[in-house]
Amino acid sequence: MSNRRSISTPHAASWSTAVAVMLACSAVALAVHPGEWNHRTEADFEPAETENTVVTSYGEITLARATEALGTLEGDDSIVYDIARAADGKVFLAVGPEGKLMKIDGDKVAPVDEFPGSQVFALTSTAKGLWVAVSGAPSRLELRSGADMKPTRTIELKDVRYVWDMVVVGDTMWLATGLEGQVLALDLNKKDAEPKVMLDTKQDNILCLGSDQQGRIYAGTDGEGLVYRITPKGDTAESFVLYDAGEPEIGALLVLNDGTVYAGTADARQARPGRLEKASTEPKGKIEKPAGGIKEPSIPNVPPKAEPNAPGKAAANGKPAKGDANDKPADAPEVAKADTPKPGDQPAPKPTAEQYDQLRSEIGKRLEQARQSGAIKLQASQTTTSRAVTSRSSGPALRRPGAAPSKSGNAIYRINTDGFVREIFRESVMILRIVQIDGSLLVGTGNEGQVYRVDPDTEEVSILADLEPQQIPAMIDVGAGEVLLGTANPGKVLRLKDDYAKQGTLSSATLDAKQISLWGKVQVSGATAGKSTIQIQTRSGNVADPEAGSWSKWSDPQTVALTGGQSAYLDVYSPTARFLQYRVVLNSDGKNTPRVLGVALKYLMPNLRPKVEEIKTDHLKPKPSRDSDAPQPQTIVKVEWKAADANGDALVYTLEARPFAEPNTPFVPVATDLGANTYEWDTRTMADGRYVLRVTASDEPDNIADQTLTATRISDAVIVDNTPPDIHDLKVTVANGVATLTARLTDALSPITEARYRVGGDEEWKIVLPADLIYDSTNENLAVKIPGLAQGDHVVALRVTDALGNTRYASKNVTVK
């Protein structure tokens, strides 16, 4: 049964009646060209409401990944800092803000142990058990195993305040620590293992670690956003800065086996609500992904050249090489040597832990004073212990020579094995964790609780999950394409499944046809795989808010199955109205999601009369003449108008004129079939007088003859004046050797604006003021004395101009005795 018959709203009958009247009444014409809504880009779908669906950066609608809640923190516990999965499959959580170790027990989060006054930011699982990094004063590592998960081994970490991350490579434990900005290494085979400093940086904190199959360690810092590569060399290590990011904090690292690094930044000041950039409004196509992946730039494998005659080495002739310490000029000054300990001297005592704490406190005070005074800007992280809630960088970082340019938002940088860097993602979020699933990156972010999917090759981006919690500081790949998420504010543990949500919807924003309209077919383009399907529903109404007024019910779903990006054309069973909404329903078969590539819908409103909104006129000033400095007549009137058509029809215009004082006189055509909304009217063919102009706009180009509609607008009065002023009673008299010019000036239409005189062959026309000193009317009187005339005969010329540049000349002969 059609949904049209089942409408129970009180206005349904009136809508049906309106449709019938509109179709039956010959006085109402329908527009020939329908309007259209065509949604096919991310920007088009951005205003829509989604549930279990995502819109990719390419404008495709797909189902979101299915999520399952495994547990929720209670009480003051609000942050899951880290997740570890033991060898037996049990899942453990590092919880905060007060340090706790918890586990997933069925559908609940159960406590394992508490660490009063401390925090737990990092966990890692090995064959021997679960390692727990307890950050405090001092910090320590605990190895826990067995059914009760009690500590079986404890390693104290003197002078370490925070352990932010840890990884185990072989039998070595690597620790990212603060506040000294060090990477420490522990030999787990040694019973009394002491941590060794393998990297000592100028930054406050090493925030994250990763390793490759060669055993190299990678570290990300705060303060200056550096990515280090550490190559172990026995009891020591060589370090190298791979990348200096423009952002002050590296919040997440993902290192692949071959040494490819994905570094995510986490500047809290750049985590703002909303998108960093507006969604694309135009389709841009897709980056084609080659079968073997996109080839990254590389450096030829050429061994470095040996340094010639390196200091300390003998040259081929056996003499000291140039630059050797022994090869010293005779006049070189002696360098003072440090005092060496003598036998019996007591070595300097090693500072105590208390003295270290006093020193750190004093340094911290001085740095804080310097930062507040503006003398230096520092990154301070001493007061921040929550990875999920805020960045550990409290102020803007100093710009370093060679650092990447600073941009808005945070980014993920791909650093290939030769050190080439490519930005593959940037958004106004903090990047807290990165994992790789099936070649794509899953990115946990804050502060809007979104999980992004990023394809490093095509740079296609989509939001896989938009969660209630604000941050996602913990993520772990548990195999089979599934990921566990640990969230903050509130603290939850979620499973992001390998399959898709069973059903998801995208409801469009309210679409406004501007007038009651007939609905055409809705076109759906997309592809369905397996047994997945796409369904379309619509509803309509005459108020903008569907919830504020009486809209029709959602129509019954119409199901389509599409292959290869085909399109389906479906009837719209919603009543005729001004506003419409469509809803796309995606149904999964578990392993496959349908894809919607675009939705388009046409509508046909009655042919509406065009509207001429304004008409303006202005006399154009001509260019100055090369032969005369006299004003030029303004014979061209520029006419401009604004017109619009609610149907979007093309318009054609007619311009007509009529004497202002003769309202019953028919208009005379000036120009017809005008496509532009401007016209330059040459008034020289018109008699002088005041006129009105009429513009008629017609939608005839887009409508058949008996459905064409017009609209007109009449201008204010326009003066047509191509006649110069008249000069009356021009006289030049001489008395006592002084000549006086007098005249009366008149103009039928335009005010007099200027008068000048010239004597004989003088080049200059001299200005003359009227008797009342102001040119302000069509009648003016002149009386001007002309001094300095020599004895003899003279010709005095007068030039008079009106407001439209019309100029009259007259002259008189005068004799001075």
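This is a predicted model: local features need pLDDT of at least 70, side-chain atom pairs count only at pLDDT 80 or more; totals for chains, interfaces and linings use all residues.

Q: OK, how many helices and strands does the chain have?
A: The chain has three helices and 54 strands, where helices (H or I, at least four residues) and strands (E, at least two) are DSSP runs numbered from the N terminus.

Q: And how much of it is buried?
A: Of the 817 residues, 47% count as buried, and the cut-offs are under 20% relative accessible area for buried, over 50% for exposed, and partly exposed in between (1.4 Å probe, protein chains only). The accessible surface of the chain comes to about 42200 Å², and 49% of that belongs to carbon and sulfur atoms; such areas come from the Shrake-Rupley method with a 1.4 Å probe, and for residues only the protein chains shown count as cover.

Q: What share of the contacts comes from residues 24 or more positions apart?
A: Among contacts with a separation of 6 or more, residues 24 or more positions apart account for 60%, a contact being heavy atoms within 4.5 Å.

Q: Which residues have the most contacts inside the largest nonpolar core?
A: Those are Leu123, Leu130, Val132, Val227, Leu253 and Val261, in a core of 34 residues. A nonpolar core here is a set of buried Ala, Val, Leu, Ile, Met, Phe, Trp, Tyr and Cys residues joined through side-chain atoms within 4.5 Å. There is also a second, separate core of 30 residues, which includes Leu63, Trp519, Val524 and Ile534.

Q: What does Val261 touch?
A: Leaving out residues up to four places away in sequence, the residues that Val261 touches include Tyr218, Val227, Leu242, Leu253, Tyr413 and Ile415.

Q: Where in the chain are Arg694 and Glu656?
A: The side chains of Arg694 and Glu656 meet in a salt bridge, at 2.8 Å from N to O. This pair links distant parts of the chain, with Arg694 in strand β45 (residues 689-698) and Glu656 in strand β42 (residues 652-659), 38 residues apart. Arg694 is partly exposed at 24% relative accessibility, whereas Glu656 is buried at 12%.

Q: Is Arg684 buried or exposed?
A: Arg684 is exposed, with a relative accessible area of 58%, while Asp682, its salt-bridge partner at 2.8 Å, is partly exposed at 28%. Elsewhere, salt bridges that share partners join Glu68, Glu482, Arg495 and Lys497 into one network.

Q: What does the side chain of Arg595 make a polar contact with?
A: The side chain of Arg595 makes a polar contact with the side chain of Glu60 at 3.2 Å. A polar contact is a pair of N or O atoms within 3.5 Å; within protein, one must be able to donate a hydrogen and the other to accept it, and residues adjacent in sequence count only if both atoms are side-chain atoms. Arg595 is found in strand β39 (residues 595-604) and is partly exposed, at 32% relative accessibility.

Q: Last topic, the backbone: which peptide bonds are cis?
A: The peptide bond from Ala137 to Pro138 is cis, with omega near 5°, and Pro138 lies in the loop between β11 (129-135) and β12 (139-145). The bond from Gly178 to Leu179 is cis as well, with omega near 20°, and Leu179 lies in the loop between β15 (172-178) and β16 (182-187).

Q: What about phi at Met149?
A: Met149 has a positive phi of about 50° although it is not a glycine, and Met149 counts as buried at 10% relative accessibility. Asp438 likewise has a positive phi, near 50°, but Asp438 is exposed, with a relative accessible area of 73%.

Methods:
Residues are numbered from 1 along each chain as its sequence is written. Side-chain values use heavy atoms; hydrogens and water are left out. A salt bridge is a side-chain nitrogen of Lys or Arg within 4 Å of a carboxyl oxygen of Asp or Glu.
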